[in-house]
Amino acid sequence: MIRLNIEKTLKSGGGNMVLDLELNIVKGEFITLFGDSGAGKTSTLRMLSGLLKPDSGIITVDGTTWFDSHKKINLIPQQRKVGYVFQDYALFPNMTVRQNLEYALQRNQDGDIIEELLDLAQLNELQQRKPETLSGGQKQRVALARALVQRPDILILDEPLSALDLKMRIKLQEYLLQIHKKYKLTTILVSHDVGEIVKLSDCVFELQNGRVIKKGTASDFFGLTKTSAKFRFSGEVLKIVQEDVIYVISVLIGNDIIKVVSDRREANGLKVGDQVLVASKAFNPIIQKI
Amino acid sequence: MNSFPGQITDIETYGDMSIVHVEVANQIELISIVLDTPQTVPYLIKGNRVNVLFKEMEVTISTQNELDISIENRISGIITNIEIGALMCRLTLETNFGEVVAIISSMSAKHLGLTENMKVKIMVKLNEVILAP
């Protein structure tokens, strides 16, 4: 169990904000921090990883104290078993892929992990390349692999896929799930993509002005279970076309594009890129063996 | 999507399915069949408030008042607006529980001779009605 009970006054453009958080994260879960920009998500992750010091409070991980303002305990980032992946990859531009990974090795750490991660991330053929020659998806695979070099218990993903195109995002989502399970990680994601959150996370915490205002399982959180409809998916609006008196809305669900006929009352409230719930009764779809 | 708030007045369960009656206005009930039971979802309790949802395209319109047909939900309404398109037609209907939108073929609209202010029956099969607590 990861327990954070921390306070921190953050200075921002709009004045001070007090981050006052109580978060309990079950070991092995994939959780998401959700909320507007400036709600305190990244600051929370920085405090968990030791990059930012809380003003007061306690952080314990599986019974070990990482931070305690009263007892003056504050483990340095290297002592916390946390892997951190940033949106902008944060790779060393002057190093090859392999060197980027090797740089993360701790003193006296066995180098076998490098081969394992190059394999897992399918980076073998790219290992001598410099980051600037890689695509966004490849760079993020390197950043992920690097975050795993020290065999962390906790993996922090701060909007890791938001700069990537849809196809790559879906591919890397699968990869994130695979890593999460293989290395038995507790993974903490920051994302605004509802489809991604529902696909990946066990539990969602919503932050607003430095406080947790809502918590729930991903599908409960976004109201996806709140209809009796059993044939339901979440996806992203790709196209809205008016045809006659109706609208045809194309939605990307997983790798498939489906079409939903809709009245203007819904269509007018939607735009391309919106996350949507598509639902129908279990009585409607036909099913056939192929 | 047509959506109306209502109150559950009756639940009939067999196996994993339930037929649920929801009163959306005085004496007007809409009926839904769901793959849920009071044991599987907490909201299925008599007296609970739920929203009743059905799509515009699932609405059948009849100009006859009494029809021998296997459509369980039948409500009276008055056509307040008609938009006839090349293939499809959008009707706005006024009922005792609010405005219903129906999308039917322009062919049917013409065949039935639908006009504004006409009194019609609005019908929806029970397996097209979604409940949203």
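Q: Which residue of β14(A) is the bridge partner of I249(A)?
A: The bridge partner of I249(A) in β14(A) is V260(A). This is a predicted model, in which local features need pLDDT of at least 70 and side-chain atom pairs count only at pLDDT 80 or more, while totals for chains, interfaces and linings use all residues. Residues are numbered from 1 along each chain as its sequence is written, chains are lettered from A and ligands numbered from 1 in the order in which they are written, and side-chain values use heavy atoms, with hydrogens and water left out.

Q: What makes β13(A) and β14(A) a pair?
A: Two strands pair if DSSP finds at least two bridges between them, and β13(A) has seven bridges with β14 (residues 256-262) of chain A, in the antiparallel sense. Strands are DSSP runs of E with at least two residues, and helices are runs of H or I with at least four, both numbered from the N terminus. The two strands form a hairpin with two residues between them, and in the turn G254(A) has a positive phi of about 60 degrees.

Q: Why is strand β13 of chain A called largely enclosed by the rest of the structure?
A: Buried means under 20% relative accessible area, against over 50% for exposed and partly exposed in between, with a 1.4 Å probe and protein chains only. Eight of the eight residues of β13 (residues 246-253) are buried, so the strand is largely enclosed. Both faces are covered, with I246(A), V248(A), S250(A) and L252(A) buried on one side and Y247(A), I249(A), V251(A) and I253(A) on the other.

Q: How is the span of helix α5 of chain A set against the expected one?
A: The expected span is 1.5 Å times one less than the number of residues. Helix α5 (residues 166-182) has 17 residues and reaches 24 Å from first C-alpha to last, close to the 24 Å expected. Its buried residues include R169(A), L172(A) and L176(A).

Q: Why do β3 and β10 of chain B count as edges?
A: The open sheet of five strands runs β3-β2-β1-β4-β10 (chain B) with antiparallel pairing. β3 (28-34) and β10 (130-132) each have a single partner strand, so one side of each is left without a neighbour in the sheet.
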